[in-house]
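I opened this structure for a first look. These are my notes, in the order I took them.

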Amino acid sequence: MIDGIDSGYQHSGLSKYESTIDLNLVRNTSKNLTNLLKEFPGDTLSDNRWTRLYKDTLGINIQYNWIAEDNLYHQKLGVDIVSRNFPDVMKVNTQQLRELANAGLIQDLNDVYETYMTPFTKEVMYQEGIDPFEVVRMDQKLMGIPVLESSVEAVQYIWIRTDWLEQLGMSPPETMDDLLEISKAFTFEDPDQNGVDDTYGLAVTQYIWDPAMGLSGFMAGFNSYPNLWLENEEGKLVYGGIQSEVKDALLALQTMYQSGEIDEEFMFKDGNQVSEQIKDGTIGLLYGEQWASFLVADSVKNNNKAEWGVFPIVTNEEDKLARVPIQRKMNEYWVVRKGYEHPEAIMKMINLHLEMNWGESAEYENYYSTPYPVWQLSPVTPFPPLKNLDAYLQIDNAVANNQISNLKGEAKAIYEKMDSYHSQNDFNGWGWALTYGSDGAFSVLNEYIENEQILLDKYVGILSDSMGERKTILEHKKLDTYINIILGSPIETFDDFVQDWEKMGGEEITKEINDFYQQLNSSY
């Protein structure tokens, strides 16, 4: 038993059942999980330190009806739902949640939320300052528990070859004009000094919304937010993808493409192919999330003179900081089948997983990283959305106050990886240093938050089935239109797209979203 929970943390959400209960689940797996299990001989997904912990501490015996590969999970679960043969608790997507709720096949979890969610779990759930339960509230009922993701982890940064900047006598960008000048210089002024015209200004992939080498951060520099729903002056939600500001961003990209600053074949290249260009030293400027440090690391392995820096996204608005767009990352939910006697069991497991990794009873090196990512063996894997930013702040404070010995858990593990690079020249720590160091990505994220630059998607909810289908079609049309304009189509094509978007279901989607938004706001 765990002393910190059994005797020192009394809460119904961590209490043990008098008699062991069975909890039937299904789960997804992957090659990574299969390889992970090889590090723990004798363990399986059905019998490992996490399943044993849930049984010993909570009295919950985990049983899997089936285990499927990631790409087959929702398909297999869909068959179970149609046949009404599903487990006690299951992880479903947005469409499956709606279907199950409308059919009356899952339980209202309001009482579970009120009685069994520990204060620490509630703190974690609301850590980003938004209500993650909005989307699962239907007719005053709570139909599921969100599978937490971190929205702020998806903010965009500018990643630049700083050795190229130095070579060209340039400084990091403070405005979009600065960034456009850097792009030109990286293309035309031979930043690698090899005497060959072989470099580009900006990395772009065929899916222009990729989290690294995509264009959402670039377009934000023109006050354009193509993937967000924004609140207008009248308090109504409008779709960012059809606003006039998009045209300014597309015209800038069209100019860059026509001048040769963007690879003429970008529309045929995926992230792996563009990553190879960065590795080979032909691109030194990109937008990307915090993990892009590990993407650009290959270029340093390839050329030890290459140096990279990470910087905040910029805008051309005078005396203003760029707004940093992020979509809410919430696509899966835990639901409990109607009639199951212990709907609180899933909440107890979520509580315990959080407690053992980040709570007062945390045993990080036993339940999170051994250093193998053993946390993945648990059927539930919640985490604090701001845990990585918190780790950065802990490290930054410890370094500033010479208190490295006080670091523990994840912050300690990350610092040790950074230190291995700085003190032992272990290159495996290079990416960690560029993410968590004093001038790394999380230092920029901290600035974004302190300066209130985050622009969060205003809509969170579930579209009806027909609207969801139309949304997919409209997204494809938007992508095609944007790319065609970048390639040279007249900018008036955008206006035609807006009209088509509205006729093809966009107007109805906007009405449905606003009806939900108004209803949501009136309930508070």
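**Strand pairing**

I began with a facing pair: Arg161 stands opposite Trp308 in S11. Helices (H or I, at least four residues) and strands (E, at least two) are DSSP runs, numbered from the N terminus. I then looked up the partner strand. Strand S7 (residues 157–161) runs antiparallel to S11, with 4 bridges between them. Two strands pair if DSSP finds at least two bridges between them.

Next I checked the faces of S11, residues 308–311. Trp308 and Val310 are buried on one side, and Gly309 and Phe311 are buried on the other. Buried means under 20% relative accessible area, exposed over 50%, partly exposed in between (1.4 Å probe, protein chains only). I noted the general rule too: in a regular strand, side chains alternate between the two faces of the sheet.

**Ground rules and confidence**

This is a predicted model, so I kept its limits in view: local features need pLDDT of at least 70, side-chain atom pairs count only at pLDDT 80 or more, and totals for chains, interfaces and linings use all residues. Residues are numbered from 1 along each chain as its sequence is written, and side-chain values use heavy atoms, with hydrogens and water left out.

The pLDDT (the predictor's confidence in each residue, from 0 to 100) averages 93 for the protein, and 97% of the residues score at least 70. Residues 1–8 fall below 50, and this stretch has 18 contacts in the model beyond near neighbours in sequence. Contact means heavy atoms within 4.5 Å. Where pLDDT is low, the predicted coordinates should not be read in detail.

**Two residues**

Is Gln277 buried or exposed? I found Gln277 buried, because its relative accessible area is 11%. Gln277 lies in helix H12 (residues 271–279). Beyond four places in sequence, its contacts are Tyr200, Asp263, Lys269, Thr282 and Ile283.

Trp375 sits in the loop between helix H15 (364–367) and helix H16 (387–400). Trp375 counts as partly exposed because its relative accessibility is 25%. Among the residues Trp375 touches, not counting those up to four places away, are Trp50 and His353. Arg49 is 326 residues from Trp375 in sequence, yet their C-alpha atoms are 9.4 Å apart.

**Helix packing**

Last, I looked at H16 with helix H19 (residues 441–450). Their axes are 10 Å apart, at an angle of about 105°. The two are therefore roughly perpendicular, a label for angles of 65 to 115 degrees. Asn388, Leu389, Tyr392 and Leu393 in H16 meet H19 residues including Phe442 and Ile449.

Technical notes. Axes fitted to C-alpha atoms, helices over the stretch in contact; angles between N-to-C directions. Parallel < 35°, antiparallel > 145°, perpendicular 65-115°, else oblique.
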